[in-house]
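Me: I have a model open and would like to talk through it with you. Shall we take it one question at a time?

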Amino acid sequence: MTRQLLKWAGGKRQLLPKLRRFYPPEFGRYIEPFVGSGAVFFDLHNAGRLRNREAILIDSNADLIACYETVRDAPEEVARALDDLAAGHAREPKAHYYRVRDEQFNPLRARLRQPDGRIAYSPDLAAMLVYLNRTCFNGLFRLNASGGFNVPAGRYERPRIADRDKILRVAAALGTPGVRLVYGSFALALEIAGPGDFLYFDPPYAPVSATANFTSYTANRFGPADQQHLQHIVVALVRRGCHVLLSNSTAEEIRALYATNRDAHDAGLRAFRVPAQRAINSKAAARGPVDEYLITNGAAHRLTHMSSTRDSRIR
């Protein structure tokens with residue numbers, strides 16, 4: 001069993017049982033334009049659904065893609081560097097965290113940044129990102145105005161930092177023939193996907209209120225114009241004959257784009273409310289069950305068991 005290497009804001013591991021109900025029984029390529037932690041990719045990989053298929057994993061986060069590429073290509077070196085980081089953390093957790101973040105990770109990351117925005121990750125830098133991800137507050141990835149990683153240390157008694165077996169399994173999954181990692185915009189999906197391909201979109205969620213802005217945890221704000229652009233792409237892909245599954249919040253703007261939108265409805269998209277667990281909030285008491293949307297053009301017979309949570313169709 002291969003599990004996600006990184007914690008990621010909005011990661012979908014806890015939602016997998018509901019997402020699986022919407023996987024198409026047959027598909028061509030698998031394309032994930034906001035790969036993040038890759039929960040759905042690893043789920044499909046574990047189930048053997050990607051065997052002898054091309055899988056294209058896209059993300060606009062240069063650090064994420066570069067870290068995955070480095071783990072894929074140099075897993076043993078990353079694992080050894082993580083062992084050293086874990087040992088340092090065990091001696092003095094908080095001081096070690098800030099020393100790695102401010103004196104090692106950020107300076108090295110800045111030196112390795114390329115003109116096109118990519119970062120030429122080394123095994124040491126990849127190990128540092130995994131270490132910071134496992135020990136920072138809520139596993140967030142956030143940059144300050146100067147482009148430096150600035151998430152504070154989390155409060156974990158015994159975080160699992162060094163896990164050689166996980167590193168090797170993730171490397172093997174990402175190194176499977178046909179799997180491609182792509183640094184770029186979600187809009188690449190429209191250039192790549194063809195009839196019969198399966199695409200899962202997990203964008204930064206639209207905020208459900210002014211004080212619940214999910215997008216504040218991303219490097220660049222994903223605002224209403226981006227959500228609208230995404231909707232146009234999703235509708236176009238469905239009309240092209242692709243299998244599409246998308247998750248998002250139940251914010252009114254998302255309802256207007258999918259659940260009550262004529263173009264989305266005519267293309268065959270349906271929006272379903274499903275219960276989920278909110279994990280990102282500075283206050284633990286504010287985390288808890290919420291509804292999310294799963295939006296899909298999946299075959300009707302695969303959706304009947306969720307009809308009680310389906311949003312009303314346009315009349």
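This is a predicted model: local features need pLDDT of at least 70, side-chain atom pairs count only at pLDDT 80 or more; totals for chains, interfaces and linings use all residues.

Me: Which residues make the contact between α4 and α7?

Reply: Look at both sides of the pair. From α7 come Arg164, Ile167, Leu168 and Ala171. From α4, the contact is made by Pro75, Glu76, Val78, Ala79 and Leu82.

Me: How do the axes of α4 and α7 cross, and is the pair roughly parallel or roughly antiparallel?

Reply: Helix α4 covers residues 75-91 and helix α7 residues 164-174, and their axes come within 9 Å. They cross at roughly 155 degrees. Angles over 145 degrees count as roughly antiparallel, so that is the label for α4 relative to α7: roughly antiparallel.

Me: Let's step back to the whole chain. How many helices and strands are there in the protein?

Reply: The protein has 315 residues, and 50% of them count as buried. Among contacts with a separation of 6 or more, 75% are between residues 24 or more positions apart. As for the secondary structure, the count is eleven helices and seven strands.

Me: Is helix α2 mostly covered or mostly open, and how many of its residues are buried?

Reply: Helix α2 spans residues 39-46. Its buried residues are Ala39, Val40, Phe41, Phe42, Asp43 and Leu44.

Me: What do the buried residues of α2 pack against?

Reply: Their partners include helices and strands. Among the strands are β1 (30-32), β2 (55-59), β3 (179-183) and β4 (198-201). The helices in the list are α1 (16-19) and α7.

Me: Which residue just after α2 takes a positive phi?

Reply: The phi in question is about 75 degrees. Most residues other than glycine have a negative phi. Here the residue with the positive value is a glycine, Gly48.

Me: Asn52 also has a positive phi. Where does Asn52 lie, and is it buried or exposed?

Reply: Phi of Asn52 is near 65 degrees, in a residue other than glycine. Asn52 sits in the loop between α2 and β2. Its relative accessible area is 79%, and since anything over 50% counts as exposed, Asn52 is exposed.

Me: What is the phi of Asn138?

Reply: Asn138 is in the loop between α6 and α7. Its phi is positive although the residue is not a glycine. The value is near 60 degrees.

Me: Now to Ser247. Is it buried or exposed, and which side chain does it join in a polar contact?

Reply: Ser247 belongs to strand β5 (residues 243-249). Its relative accessibility is 0%, so Ser247 counts as buried. Leaving aside neighbours within four places in sequence, the residues it contacts include Lys12, Tyr200, Tyr205 and Tyr293. The polar contact, at 3.1 Å, is with the side chain of Asp202.

Me: Which backbone atoms lie by the side chain of Thr296?

Reply: Thr296 is in strand β7 (residues 288-296), and it counts as buried because its relative accessibility is 1%. One polar atom pair, at 3.0 Å, involves the backbone oxygen of Val244. The other, at 2.9 Å, involves the backbone nitrogen of Gly298.

Me: How exposed is Arg113, and which backbone oxygen does its side chain reach?

Reply: Arg113 is in the loop between α5 (93-112) and α6 (123-135). With 37% relative accessibility, Arg113 counts as partly exposed. Its side chain reaches, at 2.9 Å, the backbone oxygen of Gly117.

Me: What separates the C-alpha atoms of Arg113 and Asp63?

Reply: The two residues are 50 apart along the chain. Arg113 touches Asp63, and also Arg118 and Ile119, not counting residues up to four places away in sequence. The C-alpha separation is 9.7 Å.

Me: Last one, on the cysteines: how many disulfides does the structure hold?

Reply: Cys67 is buried, with a relative accessible area of 0%. Cys242 is buried too, at 1% relative accessibility. A disulfide is a covalent bond between the sulfur atoms of two cysteines. The number of disulfides in the structure is zero.

Methods. Residues are numbered from 1 along each chain as its sequence is written. Side-chain values use heavy atoms; hydrogens and water are left out. A disulfide is a pair of cysteine sulfur atoms within 2.5 Å. Buried means under 20% relative accessible area, exposed over 50%, partly exposed in between (1.4 Å probe, protein chains only). Helices (H or I, at least four residues) and strands (E, at least two) are DSSP runs, numbered from the N terminus. A polar contact is a pair of N or O atoms within 3.5 Å; within protein, one must be able to donate a hydrogen and the other to accept it, and residues adjacent in sequence count only if both atoms are side-chain atoms. Contact means heavy atoms within 4.5 Å. Axes are lines fitted to C-alpha atoms, for helices over the stretch in contact, and angles run from 0 to 180 degrees between N-to-C directions. Angles under 35 degrees count as roughly parallel, over 145 as roughly antiparallel, 65 to 115 as roughly perpendicular and the rest as oblique.
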